[in-house]
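Please keep the sequence and the model in view while reading.

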Amino acid sequence: VPRARWLSCRLAPLRSVSGSRLPCPGRPRVVNTVRSLDVGCCVRVVLDLIREGGRLGQRVGVACLEKTGTLASEAEAMGAEIICVDKRPGLRPGTIGRLAAVFRRMRPDVLHTHQIGALTYAGPAALASGSPVVHTEHGKH
């Protein structure tokens, strides 16, 4: 989340399209959602976001759908809270409820999903928990 957005919160409350006031804490919590933190281009971007977010004073976290992955320790070393819901292979609608409970506990100011698989589960879970979502589709686009 750009620093300017959070600085602007101190000047004037932000409003959503519907007119409701958006949250604006002193140290925003940003939670990234991915399949796992295994090696790959998408995960490198997430690690960069964690690093930069920590530098900007954000409270950062990662919700992993399937497993924590080989780079989870690197994310934790940068201060990220890592949660995994252990989704099994295949379409698992129950994962949405587990993610919603995670998001209610973590209370993200911004939930950032990476890739369509993460959005498929985290999008509805974010709606259920009241968390705003930003999505990034990585790849050739």
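## A loop glycine and a helix threonine

Gly26 is found in the loop that runs between helix H1 (3-11) and strand E1 (29-34), where helices (H or I, at least four residues) and strands (E, at least two) are DSSP runs numbered from the N terminus. The model is predicted, so that local features need pLDDT of at least 70 and side-chain atom pairs count only at pLDDT 80 or more, while totals for chains, interfaces and linings use all residues. Residues are numbered from 1 along each chain as its sequence is written, and side-chain values use heavy atoms, with hydrogens and water left out.

Thr95, by contrast in location, belongs to helix H4 (residues 94-106).

| Residue | Relative accessibility | Class |
|---|---|---|
| Gly26 | 54% | exposed |
| Thr95 | 1% | buried |

Leaving aside neighbours within four places in sequence, Thr95 is in contact (heavy atoms within 4.5 Å) with Leu65, Val85, Lys87 and Tyr121.

## The whole chain

The protein chain holds five helices and five strands, which follow the pattern α-β-α-β-α-β-α-β-α-β along the sequence. Of its 141 residues, 38% count as buried. Among contacts between residues at least 6 apart in sequence, 57% join residues at least 24 apart.

Terms used. Buried means under 20% relative accessible area, exposed over 50%, partly exposed in between (1.4 Å probe, protein chains only).
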